Amino acid sequence: MTSIPTGQPGAKKLGLVIDLDTCVGCHACAVSCKEWNAFGQSGPLTEFAPYGVEPSGVWLNRVHTFELGEGEDGRTVYFPKNCFHCEQPECVTVCPTGASYKRADDGIVLVDPELCIGCKLCSWACPYGAREFDDDDGVMKKCTLCVDRIYDQNLPESERVPACVAACPTSARHFGDFADPDSTVSKLVAARGGVDAMPEMGYRPVSKYLPPRSVRASLAPLERNDPGTGNPFLQWIDRLLSGSRP
Amino acid sequence: MHPAPSIIAFTTFSGIGYGLLVWIGVLAPAGVLPLGRSFAAASLALALAFISVGLLSSTVHLGHPERAWRAFSQWRSSWLSREGVSAVVTYIPALLFAALWLLDDTDGLWIALGFLAAAGSIITLICTAMIYQSLKPIRQWHNPWVLPNYLMLAGMSGALWLLAMVAAFGGVPASILILTAALVLAAMGGKIAYWQSIQRGTTRSTLASATGLPAGKPLRPLDPPHTEENYLLKEMGYRIARAHAVKLHRIALALGFAVPLVTLASAPLLRGGMITALIVFAGAISATAGILIERWLFFAEATHTVALYYRGNSTAVV
């Protein structure tokens, strides 16, 4: 059913918080995602010519790198991007077959690979590029929020998080329930001013980004031409190298 | 957006077919068309052939064409599903209309079936246009001109092919000639208005809004997430050279509208016969070629918000 389920009391809103201040752009989340999901609910994630001249393939998580500001104000921002499991996912409503659906009890947006006809319309309807078509499988692939991990009772409780979250070495990724105001993710969003990607589209992403902190340690300018030591020989060398006559 | 030949063929040919079916369904009961069985068979076969070729070519686009039947289920939310349902349902009145006509049973039921086939065709055309117009991430499609464009181009090309059929069966009634010329002019006006509209328009989304980063500071892509093109860039990152776009606009205008108008203007001067039929037929062929180019541009000039992440706020045109 591709109509969006109406909010039920007690329903969870699972998603991620990604901290753009602490992400170091190591791509561990993307690689870990690929490793886990190639064999999970969404598997396979086909690679084409992986060792060829123009390798390409299906990845559910992509890490962009941007430059924000210029000059001394400039900084690099690493921007991991995967499905935001939106509250108004038009990727779901456009699906003609019911293959795309949003789960009523936790809000996860999934594709049933048995129903998908591979029309690609959902990937056009997603403003974020969260869906990638698998040409070999003939169906659409997307982030499952590791639905085959987070509920797995055979895993230790600490590992029942999406693979990208488990892999992040700087803990820039957090997983939790946004419907619960006391969850870690809700508190992080409140404390750090979490933001939506493309709020103007009206898709209402569940997952949020924490913007980079604007405060930068004010660095004292490096001192130059410091004669320093008081050693007359070194002072003479310094004058010589500086081009002034001794 | 990647201009996939299967979808260009689908929207163009099914548009012609449904446009043709609308005019046959309305004008035959109105008594404007020849009522002979051979005309009925030829014109309706042509309409249904255009429709069927279009619908079949759309399945070429699918990753799993054998599952296409599943697309009839989600008509409550999906314009693509609605289009599939409407397209299939429209075959029923169209085939019954054809059957009664061939049996010379052209009474009230036949008239009703003609109107039903026309209504089904219009609904299908609306669904096709809405598949594109409803997509917010693609500003050139999320544009109020898209629906009128699809309807007018289908109506125009259908009328031109109807005229070619009528001329082949002798005589071109002035009423159909004037109707067709008016449709060509309206469709051309609508298309030019659309092109001007997408030229003026800018996307609401920027790299700043796409990332949630502060809008006041310079922001640009530094490193892409991957070194080679992926599905997103191949499917939604298509870019057309500006110089090519300008030339293709002119070619589409010339073939799609100018040449058909010239053939329509010259038809009354030729006083019927084989020459008129050939001239009118050439007009229909030219319009079809023009619409194929117009449809290619409809995809190639459309930009998707995902390109912001890769190219920043620079325009999609190179």
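Tutor: Two strands count as paired if DSSP finds at least two bridges between them, and strands themselves are DSSP runs of E with at least two residues, numbered from the N terminus, as helices are runs of H or I with at least four. This is a predicted model in which local features need pLDDT of at least 70 and side-chain atom pairs 80 or more, while totals for chains, interfaces and linings use all residues. Residues are numbered from 1 along each chain as its sequence is written, chains are lettered from A and ligands numbered from 1 in the order written, and side-chain values use heavy atoms, leaving out hydrogens and water.

Student: In what order do the 3 strands of the open sheet stand?

Tutor: The edge strands, each pairing on one side only, are S5 (75–81) of chain A and S1 (219–223) of chain B. With antiparallel pairing, the order is S5(A)-S4(A)-S1(B).

Student: How is H1(B) oriented to H5(B), and why?

Tutor: Helix H1 (residues 5–27) of chain B packs against helix H5 (residues 146–168) of chain B with axes 7 Å apart and at an angle of about 65°, where axes are lines fitted to C-alpha atoms over the stretch in contact and angles run from 0 to 180 degrees between N-to-C directions. Therefore H1(B) and H5(B) are roughly perpendicular (65 to 115 degrees).

Student: How many charged residues does the contact of H1(B) with H5(B) have?

Tutor: Contact means heavy atoms within 4.5 Å, and the residues that meet include B:Trp23 in H1(B) and B:Trp161 in H5(B). Asp, Glu, Lys and Arg count as charged, Ala, Val, Leu, Ile, Met, Phe, Trp, Tyr, Cys and Pro as nonpolar, and the others, Gly among them, as polar. By class, the contact has 10 nonpolar and 6 polar residues, and the number of charged residues is none.

Notes
Parallel < 35°, antiparallel > 145°, perpendicular 65-115°, else oblique.
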